Amino acid sequence: MLRVVARSLLCGLIGLVVFPTLAFALVLTLGYLFDPHCGTPGDSGGCEMGAASIGFAAIIPGFLAGIVIDLVRRRRQSRSAHRS
């Protein structure tokens, strides 16, 4: 049981890094593609701060998603092992 918890927490930490990074990159990329004001002198970093805010907001959901993904994977593996 301790191994399951440790692995789930490790996957949660991976999600804690990966999800916010992807969210930041996606929002920043889409902002520069679809908003002509992004990157102009009058913007004063508004697009970048919006992307940073989304990245920070994705930290906890990323951690929880990592845990859930690991638990679902583990459950599917145990079901397939019991069927064999």
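1. Helices (H or I, at least four residues) and strands (E, at least two) are DSSP runs, numbered from the N terminus. Leu-22 lies in helix H1.

2. This is a predicted model, in which local features need pLDDT of at least 70 and side-chain atom pairs count only at pLDDT 80 or more, while totals for chains, interfaces and linings use all residues. Residues are numbered from 1 along each chain as its sequence is written, and side-chain values use heavy atoms, with hydrogens and water left out.

3. Start with the disulfide (a pair of cysteine sulfur atoms within 2.5 Å). A search of the whole structure finds 1. Cys-38 and Cys-47 form this link, with their sulfur atoms 1.7 Å apart. The link of Cys-38 and Cys-47 is left-handed, with -80° about the S-S bond.

4. Next, burial. Buried means under 20% relative accessible area, exposed means over 50%, and partly exposed lies in between (1.4 Å probe, protein chains only). Cys-38 is buried, because its relative accessible area is 8%. Cys-47 is buried too, at 16%. Cys-11 is also buried, with a relative accessible area of 16%.

5. Now the salt bridge (a side-chain nitrogen of Lys or Arg within 4 Å of a carboxyl oxygen of Asp or Glu). The count comes to 1. The side chains of Arg-7 and Asp-70 meet in it, at 3.2 Å from N to O. This pair links distant parts of the chain: Arg-7 is in helix H1 (residues 2–34) and Asp-70 is in helix H3, 63 residues apart. Arg-7 counts as partly exposed, at 37% relative accessibility. Asp-70 counts as buried, at 2%.

6. Two surface patches deserve a look. Patches are made of residues with over 30% relative accessible area and no salt bridge; like charges are joined within 9 Å, and nonpolar side chains (Val, Leu, Ile, Met, Phe, Trp, Tyr) within 5 Å. Accessible areas come from the Shrake-Rupley method with a 1.4 Å probe, and for residues only the protein chains shown count as cover.

7. The nonpolar patch has an area of about 800 Å². Its members are Leu-10, Leu-13, Ile-14, Leu-16, Val-17, Val-18, Phe-19, Leu-22 and Ile-69. H1 gives the most to this patch, with 8 residues. Leu-22 counts as exposed, at 54% relative accessibility.

8. The other patch carries positive charge: Arg-75, Arg-76, Arg-79 and Arg-83 gather there on the surface. Lys and Arg count as positive and Asp and Glu as negative, with His and the chain ends not counted. The place of a charge is taken as CZ of Arg. Arg-79 is found in helix H3 (residues 59–83). Arg-79 is partly exposed, with a relative accessible area of 45%.
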